[in-house]
Amino acid sequence: MPVTADVDLYACLGCRRSAYQLDLRRAFRAVSLRYHPRRGGGESRARFEAACNAWEVLGNEDVEDLYDRYGLSGLSWDRPSHVRTAGAGLVALFRGATSTVNDQ
């Protein structure tokens with residue numbers, strides 16, 4: 001699920017905007033375990049990818065600060081490559097983990 005302008009990244013993780021990094025990390029872990037594609041149906045994959053996208057932005061305090069100030073439009077100005085591909089790294093990581101498990 002691509003991140004669009006009307007998506008609240010905090011809502012994807014089920015957190016308030018005033019949440020601390022530790023709270024965001026715990027929320028991401030809970031959401032990613034609950035909606036992991038191997039555990040659920042078609043809706044799970046979209047929710048899992050949305051949570052990965054949210055964590056890629058909110059997990060980095062500097063990028064989170066930009067998001068808090070300017071929203072998603074603040075991330076599009078000369079943003080680092082890890083923000084441009086938000087969520088892709090985590091999704092690829094989990095894909096790699098599942099393929100390794102399936103290969104055994």
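The expected span of a helix is 1.5 Å times one less than its number of residues, a handy rule to keep in mind for the views below, which come from a predicted model.

**View 1. Helix α3 from end to end.**
Helix α3 covers residues 42-58. With 17 residues at 1.5 Å a residue, helix α3 should span 24 Å, and its end C-alpha atoms lie 25 Å apart, so the two values agree.

**View 2. The buried residues of helix α3.**
Which residues of α3 are buried? They are Ser 44, Phe 48, Glu 49, Ala 50, Ala 51, Cys 52, Asn 53, Ala 54, Trp 55, Val 57 and Leu 58. Take a moment to find Phe 48 and Trp 55, both among them.

**View 3. Cys 12 and Cys 15, either side of a cut-off.**
Buried means under 20% relative accessible area. Cys 15 has a relative accessible area of 18%, so Cys 15 is buried. Cys 12 stands at 21%, and therefore counts as partly exposed. As for sulfur pairing, the structure holds 0 disulfides.

**View 4. The whole chain, for context.**
Stepping back, the protein chain has 6 helices and 0 strands, giving the pattern α-α-α-α-α-α along the sequence. Of the 104 residues in the protein chain, 34% are buried. Look, too, at who touches whom: among contacts between residues at least 6 apart in sequence, 61% join residues at least 24 apart.

**View 5. The surface of the chain.**
How much of the accessible surface belongs to carbon and sulfur atoms? The share is 52%, out of an accessible surface of about 6700 Å² for the protein chain.

Key
Residues numbered from 1 in each chain as written. Predicted model: local features only at pLDDT ≥ 70, side-chain atom pairs only at ≥ 80, totals over all residues. Heavy atoms only, no water. Disulfide = S-S within 2.5 Å. Buried < 20%, exposed > 50% of the residue type's maximum accessible area, 1.4 Å probe, protein only. Helix = DSSP H or I, 4+ residues; strand = E, 2+ residues; numbered from the N terminus. Contact = heavy atoms within 4.5 Å. Areas by Shrake-Rupley, 256 points an atom, 1.4 Å probe, with all protein chains shown as cover.
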